[in-house]
Amino acid sequence: MKISLKLSRLEIRRTKVKWIILHHTEDEYHGASASIIDNSKYQMNPIMNVVLERNDPDINYHFIIDKIKDEYMVFTCRPFVTLCDYSDISVNTNNAAIHIGLMGSYDFTVPEKRLYEILAFRLLSPLLKLFILNPNRIKLHREVSNEKRTCPGDFFDKAVVISMVRKFVMK
Ligand SMILES: [Zn+2]
């Protein structure tokens with residue numbers, strides 16, 4: 001089964017990107033049991049199944065990072081000129097946000113150094129460069145939610161992300 005690709009079902013972004021918000025898939029795709037633990041198998045299909053069950057217009061992140069065999073891969077999940085749908089994040093913030101989902105649950109697992117490296121090298125540093133943003137524009141879902149959440153997981157360490165971003169800064 002495949003998601004039908006219809007831009008009419010997505011809201012086009014009208015404001016500049018000001019925030020990059022990080023999640024783990026356990027928070028938004030709890031129903032997809034396979035996606036809760038990152039087991040190094042390709043796990044996009046369980047996420048797709050939840051999207052189809054909910055009749056969502058697309059996956060609710062712009063990008064997902066999934067570990068396949070022994071390396072982390074970045075998937076583009078929704079055009080980044082469209083908005084994701086987060087009722088617990090203020091409209092002003094969400095309208096200016098790019099959302100990145102990390103496959104798995106970091107409430108139970110400590111993220112590997114390689115995940116932070118791929119996140120910084122393939123996504124965060126290029127996105128900060130493209131949108132001319134300071135690293136302080138990177139937020140965790142739990143920092144911008146008006147609900148009590150751990151997303152992207154209790155073990156996810158923002159200080160490590162920021163140090164990696166500084167390591168891969170693009171001039
Ligand atoms: Zn989240």
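Residues are numbered from 1 along each chain as its sequence is written. Because the model is predicted, local features require pLDDT of at least 70 and side-chain atom pairs count only at pLDDT 80 or more, whereas totals for chains, interfaces and linings use all residues.

**Figure 1. Overall fold of the protein.** The protein contains six helices and five strands, where helices (H or I, at least four residues) and strands (E, at least two) are DSSP runs numbered from the N terminus. Their order from the N terminus is β-α-α-β-β-α-β-α-β-α-α. The radius of gyration, taken over C-alpha atoms, is 15 Å, close to the 16 Å of the globule rule (2.2 Å times the number of residues to the power 0.38) for 171 residues, so the protein is as compact as a globular protein of that length. Along the principal axes, the C-alpha atoms fill a box of roughly 40 × 35 × 30 Å.

**Figure 2. The largest nonpolar core.** A nonpolar core is a set of buried Ala, Val, Leu, Ile, Met, Phe, Trp, Tyr and Cys residues joined through C-beta atoms within 7 Å; a residue is buried if 20 or more other C-beta atoms, placed from the backbone, lie within 10 Å of its own. The largest such core has 40 residues, and Ile20, Ile65, Leu119 and Leu124 have the most contacts inside it. Elements that each supply at least two of its residues include strand E1 (19-24), strand E2 (63-68) and helix H4 (113-131). Helix H4 gives the largest share, eight residues. Beyond its neighbours within four places in sequence, Ile20 is in contact (C-beta atoms, placed from the backbone, within 7 Å) with Ile98, Ile100, Leu124, Leu127, Arg137 and Ile138.

**Figure 3. Packing of helices H4 and H6.** The axes, lines fitted to C-alpha atoms over the stretch in contact, lie 9 Å apart, and the helices pack at an angle of about 65 degrees, on a scale from 0 to 180 degrees between N-to-C directions. Among the residues making the contact are Tyr116, Leu119 and Leu124 of H4 and Val160, Met164 and Val165 of H6. The contact residues comprise nine nonpolar, one polar and two charged; Asp, Glu, Lys and Arg count as charged, Ala, Val, Leu, Ile, Met, Phe, Trp, Tyr, Cys and Pro as nonpolar, and the others as polar.

**Figure 4. Surroundings of Phe63.** Phe63 lies in strand E2 and counts as buried because it has 21 C-beta neighbours inside 10 Å. Leaving aside neighbours within four places in sequence, Phe63 is in contact with Val74, Phe75, Thr76, Cys77, Ile100 and Leu123.

Technical notes: Buried ≥ 20, exposed ≤ 12 C-beta atoms within 10 Å, placed from the backbone. Contact = placed C-beta atoms within 7 Å.
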